Amino acid sequence: MNDAEMLAMAGKGLVMSTSHEKVKLALPNNEVIGSNADEAVAHYLEKHLLSR
């Protein structure tokens with residue numbers, strides 16, 4: 001829950017699929033991506049930043 005306030009203030013927030021359910025409920029407008037095991041952050045960055 002310590003990241004919920006920071007993510008709420010961010011222009012674009014991403015929530016890991018393994019995040020606590022309270023975080024997901026507190027941030028309904030943030031995109032939920034995969035887990036650490038799926039290398040979700042790397043895949044997101046590759047798809048949205050490096051493909052430009």
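Among contacts (heavy atoms within 4.5 Å) between residues at least 6 apart in sequence, 9% join residues at least 24 apart in this protein. The model is predicted: local features need pLDDT of at least 70, side-chain atom pairs count only at pLDDT 80 or more, and totals for chains, interfaces and linings use all residues. Residues are numbered from 1 along each chain as its sequence is written, and side-chain values use heavy atoms, without hydrogens or water.

**Confidence**
- Mean pLDDT (the predictor's confidence in each residue, from 0 to 100) is 88 for the protein, and 98% of its residues reach 70 or more.
- Confidence is lowest in helix H1 (residues 4–9), with a mean of 81, and highest in strand E2, at 94.

**Overall build**
- The protein has three helices and two strands; these are DSSP runs, with helices (H or I) of at least four residues and strands (E) of at least two, numbered from the N terminus.
- Their order along the sequence is α-β-α-β-α.
- The C-alpha trace spans about 30 × 25 × 15 Å along its principal axes.

**Ser 35**
- Ser 35 sits in the loop between E2 (31–33) and H3.
- Is Ser 35 buried or exposed? Ser 35 counts as buried because its relative accessibility is 11%, and buried means under 20% relative accessible area (1.4 Å probe, protein chains only).
- Beyond its neighbours within four places in sequence, Ser 35 contacts Met 16, Ser 17, Thr 18 and Ala 40.
- A polar atom of the Ser 35 side chain lies 3.3 Å from the backbone nitrogen of Ala 37.

Key
Buried < 20%, exposed > 50% of the residue type's maximum accessible area, 1.4 Å probe, protein only. Polar contact = N/O pair within 3.5 Å; in protein donor to acceptor, adjacent residues only side chain to side chain.
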